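Subject: Structure handover

Hello,

Here is the structure for your files.

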Amino acid sequence: MSHVFHRHLSHAYPTAVGGDGAYLIDAEGRRYLDACGGAAVSCLGHSDAEVIEAVREQVGQLAYAHSAFFTTEPMEALADFLIERAPEGLSSVYFVSGGSEAVEAALKLARQYVIERGEPERRHLIARRQSYHGNTLGALATGGNAWRRRQFEPLLVEVSHVSPCYAYRGQAEGETPEAYGERLARELEDEIQRLGSETVMAFVAEPVVGATLGAVPAVPGYFRRVREICDRHGILLILDEVMCGMGRTGSLFAAEQEGVAPDLVTIAKGLGAGYQPIGATLVSERIRSAIAEGSGFFQHGHTYIGHATACAAALAAQRAIESRDLLPRVRQLGDGLQRRLEARFGDHPRVGDIRGRGLFRGLELVADRETRAPFDPERQLHAAIKRTAMDHGLMCYPMGGTLDGRRGDHILLAPPFILEDGQLDEIVDKLDATLRSVL
Ligand code: PLP
């Protein structure tokens with residue numbers, strides 16, 4: 001018996017012992033093509049010599065220095081790198097160890113900002129249903145994934161949840177994408193007015209919804225309308241790019257494709273590319289300066305803030321993405337993946353929608369394509385797909401239970417940016433074999 005408290009306690013996991021580019025290798029020597037980057041993490045694959053060397057060098061020089069005593073070269077250099085490339089208005093970076101911590105920091109920065117501005121009555125958060133912002137209590141409360149929240153509801157602070165921008169299920173027949181986006185923007189503004197606009201602190205959203213819906217981008221113009229509404233009511237816009245950021249959708253920040261300047265942006269996963277655990281919250285100048293000129297101290301911290309080795313790994317990973325010109329490659333590979341998925345599954349009776357941006361793609365599975373009816377919850381489709389895909393040597397990220405009150409299933413694909421064209425075919429072939437066995 002394993003003494004590890006694994007998340008699935010009745011499940012035997014293969015032991016991963018090595019990595020080779022886009023493949024993970026288990027103790028039996030089996031190779032798994034990592035078509036989901038774990039959970040959209042391993043954007044450079046599993047054996048990147050440059051990043052490995054950077055980690056080695058940093059550990060040899062200085063593994064860690066507590067941020068209450070020192071700053072470090074890799075932390076400063078990584079912050080410079082990110083801010084030089086970040087959406088307009090962002091001027092500093094708060095480093096943490098992962099996505100949930102980045103979201104917690106964003107929520108607390110928002111709250112401290114409104115206090116420092118003399119608006120302590122701003123305490124309400126608005127987010128969207130069918131969203132995921134992490135599993136710590138503040139982040140879980142912010143997310144609208146009913147399945148993940150269910151057991152913990154009594155521990156969660158109240159957050160308002162409006163409709164997600166989810167055209168496949170939300171856009172009405174005959175409604176244009178613009179009209180749909182406008183309808184959602186009105187819903188947000190109605191909620192702000194219902195709460196009292198002077199009591200609302202921030203609106204939180206993923207630019208491209210990842211784990212809960214499976215790579216769902218917003219309709220054009222939606223985020224610009226959201227930004228306008230937030231500005232009109234003095235509300236902060238927090239974009240959670242933990243999954244969709246760091247090049248995953250073909251631009252370093254997903255917000256770039258929406259043409260909006262957020263007040264706070266959270267990143268993690270692809271930031272360290274899995275070579276070290278790291279996350280960050282990018283902070284706009286107006287928030288930084290309000291706190292700097294006010295109390296001068298952010299009332300929130302963790303032991304591993306700005307961990308030197310983690311920052312060195314992330315800096316090496318981000319420099320590698322840039323110096324190897326991988327973002328155009330992400331767009332090209334992403335288009336190639338979409339084309340192949342459509343060619344193979346476009347007429348599949350159980351595939352309702354194929355969507356996404358860059359190397360962030362999702363397939364929505366349905367019991368009936370015409371009615372878009374989801375599968376029976378009892379089928380536990382996602383578990384069977386994950387297991388069967390592993391048997392075929394493929395890692396993909398299926399999720400179930402994502403529709404409000406009904407089951408909904410999708411498969412998320414987020415392969416490494418270093419993929420070769422032939423590996424796109426391998427993903428689609430293995431996925432096809434998996435779906436043939438399971439559906
Ligand atoms: N935010 C988003 C959008 C995510 O997808 C996730 C994880 O999947 C998180 C936050 C939480 O990140 P972590 O699991 O690193 O705490």
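A crossing of two helices is called left-handed if the near helix is turned anticlockwise from the far one by less than a right angle, and right-handed if it is turned clockwise. Please keep in mind that this is a predicted model.

On that definition, H8 and H9 cross in a right-handed sense. Helix H8 covers residues 177–195 and helix H9 residues 222–233; their axes come within 9 Å and cross at roughly 25°. Angles under 35 degrees count as roughly parallel, so H8 is roughly parallel to H9. On the H8 side the contact is made by Gly-181, Glu-182, Leu-184, Ala-185, Leu-188, Glu-189 and Ile-192, and on the H9 side by Tyr-222, Arg-225, Val-226, Ile-229 and His-233. By class, this H8–H9 contact has 7 nonpolar, 2 polar and 3 charged residues.

The other pair is H2 (residues 49–61) and H11 (residues 308–323), with axes that come within 8 Å and cross at roughly 155°. H2 and H11 are therefore roughly antiparallel, and their crossing is right-handed. H2 contributes Glu-50, Val-51, Ala-54, Val-55, Gln-58 and Val-59 to the contact, while H11 contributes Ala-308, Thr-309, Ala-312, Ala-313, Ala-316, Ala-317 and Ala-320. The classes in the contact of H2 with H11 are 10 nonpolar, 2 polar and 1 charged.

Now the ligand. Of the 15 residues around it, Gly-98, Gly-99, Ser-100, Gly-134 and Val-242 come nearest. Helix H4 (residues 99–116) supplies the largest share of this shell, 3 residues. The shell divides into 7 nonpolar, 6 polar and 2 charged residues.

Regards

Conventions
Residues are numbered from 1 along each chain as its sequence is written. This is a predicted model: local features need pLDDT of at least 70, side-chain atom pairs count only at pLDDT 80 or more; totals for chains, interfaces and linings use all residues. A residue is near a molecule or strand if its C-beta atom, placed from the backbone, lies within 6 Å of it. Helices (H or I, at least four residues) and strands (E, at least two) are DSSP runs, numbered from the N terminus. Ala, Val, Leu, Ile, Met, Phe, Trp, Tyr, Cys and Pro count as nonpolar, Asp, Glu, Lys and Arg as charged, and the others, Gly among them, as polar. Axes are lines fitted to C-alpha atoms, for helices over the stretch in contact, and angles run from 0 to 180 degrees between N-to-C directions. Angles under 35 degrees count as roughly parallel, over 145 as roughly antiparallel, 65 to 115 as roughly perpendicular and the rest as oblique. Two residues are in contact if their C-beta atoms, placed from the backbone, lie within 7 Å.
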